[in-house]
Amino acid sequence: MRKTLGEVFDFVILRRKQMSVVVAIKKDGVVYMGADTQTTSGIQIRNYLKESNLKIATFDNGMIIGHVGAVSRKSILFHSKNIIPKLKIPKEGLTKKVIYEQLIPMLRDQDVFFDKEEAEVDASMLIGYGDKLFRVRNESVTEINEYCCIGSGVDFAWAVMEIYHERLDPVSLLDKAMR
C-alpha cells in the first residue's frame, strides 16, 4: 500500500514527538546546546520544566553538559553539582584525557553510568567547554568537530543538521533540530 507524502510526514512528526534529543553545535569558537523537555520511560511520555528534570546543566567553570539515558533518569548532574568543580582542567582546556581520567571515574563513583535496573552501562552526554565539544557514550569519548545529537530522536535531529547546518545560524538550527 502506497502512502502519500502527507501521511508519511504525519507519521514522522508523530514519531518524533515521542523521542528525546539533545543537540550541540560548535561554531566560531562557541558551543551552542539545546534539548527538548521530554522524558520517556517505556510507554510513558512526560514533559517537565522543573530544573531537576532538564537535560542541560551549566557550571560555574564554563562547562555545559547535555545528557540522556540513565544519566537523565538519575539527574545526578543537577543534584550533585559538586562533581564538576573538582575537575582539574589544564591550561589548554578540557581534553579527552581529563574526561577519561577524572570525569568518568567521578560519575562512575556516583553510579551515573550504570543502570542497575537494566544491569548495563546506559548514558550519553554532550560536553561543551570553551571551543571544544565532546560526546560521551557508555564511557567512550569522542571529540566533535562541528555538531552532534544524542537521544532517541537522534535520527531526525541529524537529518535536520545535515540539511540546514550551512544555511542557518546556530540558534535557529538548534530550534529546527529539536522540533
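I start with β6 and strand β9 (residues 123-129), which pair in the antiparallel sense over six bridges; strands count as paired if DSSP finds at least two bridges between them. This is a predicted model, where local features need pLDDT of at least 70, side-chain atom pairs count only at pLDDT 80 or more, and totals for chains, interfaces and linings use all residues. Residues are numbered from 1 along each chain as its sequence is written, and side-chain values use heavy atoms, with hydrogens and water left out.

Helices (H or I, at least four residues) and strands (E, at least two) are DSSP runs, numbered from the N terminus. Strand β6 covers residues 64-69, and five of its six residues are buried, meaning under 20% relative accessible area, with exposed over 50% and partly exposed in between (1.4 Å probe, protein chains only).

On to β5, residues 56-58: three bridges join this strand to β6, again antiparallel. Ile56 has Gly66 as its bridge partner in β6. Five residues separate the two strands of this hairpin, and Gly62 in the turn has a positive phi of about 95°.

Now the rings. The structure holds one aromatic pair. Tyr147 and Trp158 are tilted, 5.4 Å centre to centre and 55° between the planes. The definition takes rings of Phe, Tyr and Trp (its six-membered ring) with centres within 6.5 Å; planes under 30 degrees apart are stacked, over 60 edge-to-face, the rest tilted. Tyr147 is in strand β12 and Trp158 in helix α5, eleven residues apart. Tyr147 is buried at 8% relative accessibility, while Trp158 is partly exposed at 30%.
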